[in-house]
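Please look at the model as it comes up, and I shall take you through it residue by residue before turning to the whole chain.

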Amino acid sequence: MWEQTYKELTAEQYSITKEPGFIWSGDIYLASFLWINGIDTYLNGRGDLLIKFMSGITISKESGKEIAQAQVVRWLLEAAWYPTALLPSKNLIWRSIDSTSAKLSYTHQEIKIDAEFHFNSDGSINKVTTQRYMTTTAGPQPTDYTGYFSDYKNVNGMMIPHHGEVEWKLADQDFKYYVFDITDVEFDVFKQFDN
């Protein structure tokens with residue numbers, strides 16, 4: 001078992017809420033003058049992961065149907081920030097499990113996702129579990145995936161979480177790889193993404 005350490009990351013994301021879609025760009029600083037830039041997108045049915053050193057040298061670039069599934073899972077978990085995206089529809093079906101949890105079945109194009117949502121007593125989401133494709137040396141592998149949400153605050157009349165954590169459930173241990181706090185949220189932003 002290894003001890004997890006985290007690097008500070010600053011990121012900005014724009015999301016579409018009526019259907020899966022987002023652009024995320026984040027920078028991890030290795031030193032004051034060295035950084036790695038990551039760009040995750042899901043647009044028009046295509047998912048992409050791009051990692052660059054100093055925003056110029058490509059370290060990794062991934063796409064394909066497994067990456068598309070991974071990005072739709074990400075969008076679905078992050079719907080805690082835009083909860084109207086979780087309203088029932090022909091593509092999104094809720095089934096009760098018990099008084100504090102429910103199963104969500106979601107279909108987008110050829111992607112089908114089942115997830116369990118767990119709720120606090122006030123109805124806010126505290127945990128979501130599902131499977132997401134994880135990039136490994138053997139290629140993308142379906143892996144158990146969990147998101148945790150807390151620190152709910154009112155933003156324009158909508159209660160949304162400002163703290164989150166995500167982890168992979170690996171065979172030998174849980175690997176929490178991302179812990180984040182939201183510093184600013186805006187709804188209905190109509191401007192070009194500036195990376």
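I125 belongs to strand β9, which covers residues 125-136. Strands are DSSP runs of E with at least two residues, helices are runs of H or I with at least four, and both are numbered from the N terminus. I125 is buried, at a relative accessible area of 9%. For these classes, buried means under 20% relative accessible area, exposed over 50%, and partly exposed in between, with a 1.4 Å probe and protein chains only. From I125 to E8 the C-alpha distance is 25 Å, at a sequence separation of 117 residues.

A word on the basis of these values. This is a predicted model, in which local features need pLDDT of at least 70 and side-chain atom pairs count only at pLDDT 80 or more, while totals for chains, interfaces and linings use all residues. Residues are numbered from 1 along each chain as its sequence is written, and side-chain values use heavy atoms, with hydrogens and water left out.

Strand β9 also holds T130. T130 is buried, with a relative accessible area of 9%. Which residues does T130 touch, not counting residues up to four places away in sequence? They are V73, L77, I113, D114, A115, T143, D144 and Y145. The C-alpha atoms of T130 and S32 are separated by 37 Å, and the two residues are 98 residues apart along the chain.

I turn now to strand β10, where T146 is placed. Is T146 buried or exposed? At 2% relative accessibility, T146 counts as buried. Its contacts, leaving aside neighbours within four places in sequence, are K127, V128, T129, E165, V166, E167 and K169. Strand β10 runs over residues 139-155 and also contains D151. D151 is partly exposed, with a relative accessible area of 40%. Its backbone deserves attention: D151 has a positive phi of about 55° although it is not a glycine.

Q109 likewise calls for a look at the backbone. Q109 is not a glycine, yet its phi is positive, at about 55°. Q109 sits in the loop between β7 (101-108) and β8. With a relative accessible area of 56%, Q109 is exposed.

Next, Y29 in strand β2, residues 22-31. Y29 is partly exposed, at 44% relative accessible area. Apart from neighbours within four places in sequence, Y29 is in contact with E8, L34 and W35. Y29 and T135 are 106 residues apart in sequence, and their C-alpha atoms are 22 Å apart in space.

Helix α1 gives the most, with three residues.

Finally, the chain as a whole. The protein chain has one helix and twelve strands, in the order β-β-β-β-β-α-β-β-β-β-β-β-β. The radius of gyration is 17 Å, close to the 16 Å that the globule rule gives for 195 residues, so the chain is as compact as a globular protein of that length. That radius is taken over C-alpha atoms, and the rule is 2.2 Å times the number of residues to the power 0.38. Along its principal axes, the C-alpha trace spans about 50 × 40 × 35 Å. Of the 195 residues, 37% count as buried.

Terms used: Contact = heavy atoms within 4.5 Å.
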